[in-house]
Amino acid sequence: MRERAIHPATTGMARRSEKGASATAIVGCCEGDTVRRRLRCRVRHMARGLGVLGVALMLLLMGTFALPIPVWRTGAWPVPPLSLVEGGPAVRLPVRLWIETDAACGQSRTTDPDDCLALLLLAQARGVHIVGISTVYGNAPLDVTDRTTRDLMAALDRAGAPSPPVYRGAAAPEGEDGAVAPAPAFSALQQALMDGPLTLVSLGPLTNVATALRDRPDLQAHVARLVAVMGRRRGHLFHPAEGAGGGMLFGHGPVFRDFNFAKDRRAAAAVLGMRLPTTLIPYEAARKVSLTGRDLAHLAAHGGAAAWVASRARGWLDFWAEAIGRDGFYPFDLLAGAYVLAPHLFDCAAVTAWVGEDDLLWAWFARPQALLVGGARERPAEGRVSSTVVYCPQMDATVHHWLVSQLTAPGQGGTQRGE
Ligand SMILES: [Ca+2]
C-alpha cells in the first residue's frame, strides 16, 4: 500500500486548526490536497453558501406573507371602472348547447367540483338541448376528466334526466405549431356546428374549440356565443382568502391561476383571434357566490345525481376551510352554467380583451401572459391579439338561492332579479 505523503501545507493546516477550527476547516481542506479533493471541497462550500442564501430568501418571502394587504387585489384593485349593464347587455344564446369540460370532481380534495356542478345544472335544466359534451384535460388528466364526465352522465341517466353524448377530446395543450393529436371531440363539435348555431359553453382549456374551429374556419360563424370561464382585469390576483384568515401562509392562503387560460394560452389566444361572440365569466364573478356545507347537504338530501356530485365536492369544501379559511367555495364553472340559463341575472360590460403581460402586478412577481379585459385605452398599443367581448363581473343577489334551487328542483325556481 502506498504511503500517503504529508504535504507541508497540510501540516500548516493542522497548526492553524489549533487556532480556529472553523476557519482552518475551510482553508485547509482546499489547500495542499489532491485536485479532486479540492474540487469536492469547493463544491461543498458553494452548496453550503447556496443553502444559506436559499434559507434567507425563503425567510424573506415568508416575511412578506406576514405583511397585511390593505387592498384586496381581486375586484377591489383601482382600475378604471367598467360600464356595467344591469342584467345585460342582451346576447343571443341558442338553446342548442355544446359543453366543453374538464370535470374531475372527487379525484382528490384539491380537485374543483365546479364542472360537475355546472354539468348537473345544465343537464337538468328545462328548455335547453345539450347536443354534445366534449372532455378535455385540465383539472386532471384526460382519462380522469373523461371518466368523471361519463360517470356523472350515468348518474343522471339513473335519475331519469337526459344524458347527452360524451366525446373524448384533447389530452394535452396545443404544440408550438398548433398541433393536437386527433380526438373524436373535434369532428363531433364540427358536425354539431354544421347542424345549426350553438351556444358553446367552455368550462376548461380551449384546446378542443381552437382545434375544431381552426380546422373548419367556415364553422366559426355557427358559434352563436362562446361562454368561457376565464379573463380578468389588470392587477387582479385570484386570492380567495381575502383576509378570511385561518388559512395557510399566515392566513393569506393560496393564489389561484386563471386556470382555464393558463392551461392552454396558445389555444385561448387563437380563439380570441377568431373574434367569436364571446362572454367571459371570470373569477371576479364567482367570488360573489359561495357554496357551503349546508348547500352540499341540501344537494345530498335531494338524492340522485345531485347527491353524487355533493359527495364528490366534500373534499374541496374541506380544502377551502383548511387552506383558505372560508366556510364555502366559489363555484367558478357553475356561474357559466347560470349565465347560459339566466343571463339577465348578470351585470356585464362590453370590453376589449387581449392577451398580454399585466403591467400592474408586483414587480417581483412573474408576469406570464394573461387574458386581460378593460377599456380600449387600457390595451397596450403594440399589436396584440384582441377582441370585443362581454365581461360579467357582477350578478344579482338572488343567484346563490336560485342556483341551489335549480340544482335540486330544476325549473321550479323563478329567475326574476331581486326576488
Ligand atoms: Ca373546469
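Reader: How are α11 and α12 oriented to each other?
Author: In this predicted model, α11 and α12 are roughly antiparallel, because their angle is about 150° and angles over 145 degrees count as roughly antiparallel. Angles run from 0 to 180 degrees between N-to-C directions, and axes are lines fitted to C-alpha atoms, for helices over the stretch in contact.

Reader: Which residues do these helices span, and how far apart are the axes?
Author: Helix α11 covers residues 293-302 and helix α12 covers residues 304-324, with axes 6 Å apart. Helices are DSSP runs (H or I, at least four residues), numbered from the N terminus. Residues are numbered from 1 along each chain as its sequence is written. Local features need pLDDT of at least 70, side-chain atom pairs count only at pLDDT 80 or more, and totals for chains, interfaces and linings use all residues.

Reader: Which residues of α11 meet α12?
Author: Gly293, Leu296, Leu299, Ala300 and His302 do, and their partners in α12 include Val309, Arg314 and Leu317. Contact requires C-beta atoms, placed from the backbone, within 7 Å.

Reader: What is the make-up of that contact?
Author: The residues of the contact of α11 with α12 divide into 9 nonpolar, 4 polar and 1 charged. Ala, Val, Leu, Ile, Met, Phe, Trp, Tyr, Cys and Pro count as nonpolar, Asp, Glu, Lys and Arg as charged, and the others, Gly among them, as polar.

Reader: Turning to α6 and α7, at what angle do they cross?
Author: Helix α6 (residues 184-195) and helix α7 (residues 207-215) cross at roughly 60°, and their axes come within 9 Å.

Reader: Which residues of α6 take part?
Author: Ala185, Phe186, Leu189 and Gln190 in α6 meet Asn208, Thr211, Ala212 and Asp215 in α7. This contact of α6 with α7 has 4 nonpolar, 3 polar and 1 charged residues.

Conventions. Helices (H or I, at least four residues) and strands (E, at least two) are DSSP runs, numbered from the N terminus. Angles under 35 degrees count as roughly parallel, over 145 as roughly antiparallel, 65 to 115 as roughly perpendicular and the rest as oblique. Two residues are in contact if their C-beta atoms, placed from the backbone, lie within 7 Å.
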